[in-house]
Amino acid sequence: MSGIFTLSIECVGGRYLKAPYQFVIEAPVELTLGDLASRILEMVDFDGDHLDEFYLANGLRGKRTWFTPDGEWDEDDAHVMDLQLSVVFPLPKHKMLYYFYDVGASWCFQISKRGKETKSQPEIDYPCIVSETGVKPKEFGDGEDWD
């Protein structure tokens with residue numbers, strides 16, 4: 001049996017964010033950041049055709065640290081999407097994990113691990129949604145900003 005992490009994912013920023021939105025998933029510890037990114041985009045019904053990245057920071061406006069040997073941004077960071085959750089968690093002290101999508105719209109999701117690793121249940125297909133609250137953001141808004 002695989003280990004399971006419970007992750008709380010909250011949309012904390014974006015050009016068209018109108019109201020709070022958060023969901024909780026249970027995911028295998030072997031899930032990659034790339035697969036997690038796909039799951040996040042699927043949950044919010046975004047196209048997935050923009051640049052994206054994961055990084056660590058003390059807070060939403062904090063200094064970003066990337067998953068590179070020196071913690072600095074590197075355009076050749078494709079390996080980051082192959083990192084498994086078991087490598088990412090636990091996070092360094094005082095750091096939060098963020099997923100940033102679409103430089104123009106600046107969508108940002110804060111990802112927190114809840115509780116301890118648990119055992120998977122054979123009857124559950126992971127990753128799975130545990131809960132969802134708030135108003136799901138619209139990737140391109142309501143179209144009111146368009147002429």
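The paragraphs below take up the sheet and then the cysteines.

This is a predicted model, in which local features need pLDDT of at least 70 and side-chain atom pairs count only at pLDDT 80 or more, whereas totals for chains, interfaces and linings use all residues. Residues are numbered from 1 along each chain as its sequence is written, and side-chain values use heavy atoms, with hydrogens and water left out.

Six strands form an open sheet with antiparallel pairing, in the order S3-S4-S5-S1-S2-S6; here strands are DSSP runs of E with at least two residues, numbered from the N terminus, and two strands pair if DSSP finds at least two bridges between them. At the edges lie strand S3 (52–57) and strand S6 (128–134), each of which pairs on one side only. From one strand to the next the twist averages 25 degrees, where axes are lines fitted to C-alpha atoms and angles run from 0 to 180 degrees between N-to-C directions. Strand S6 pairs with strand S2 (residues 21–28) in the antiparallel sense over six bridges, and Ile25 has Ile129 in S6 as its bridge partner.

How many disulfides does the model contain? With a disulfide taken as a pair of cysteine sulfur atoms within 2.5 Å, the count is zero. Cys11 is in no disulfide, since the nearest cysteine sulfur, that of Cys108, is 7.9 Å away. Cys11 counts as buried because its relative accessibility is 2%, buried meaning under 20% relative accessible area with a 1.4 Å probe and protein chains only. Cys108 is likewise in no disulfide, with the sulfur of Cys11 as the nearest at 7.9 Å, and Cys108 counts as buried because its relative accessibility is 4%.

Note on methods. Buried means under 20% relative accessible area, exposed over 50%, partly exposed in between (1.4 Å probe, protein chains only). Helices (H or I, at least four residues) and strands (E, at least two) are DSSP runs, numbered from the N terminus.
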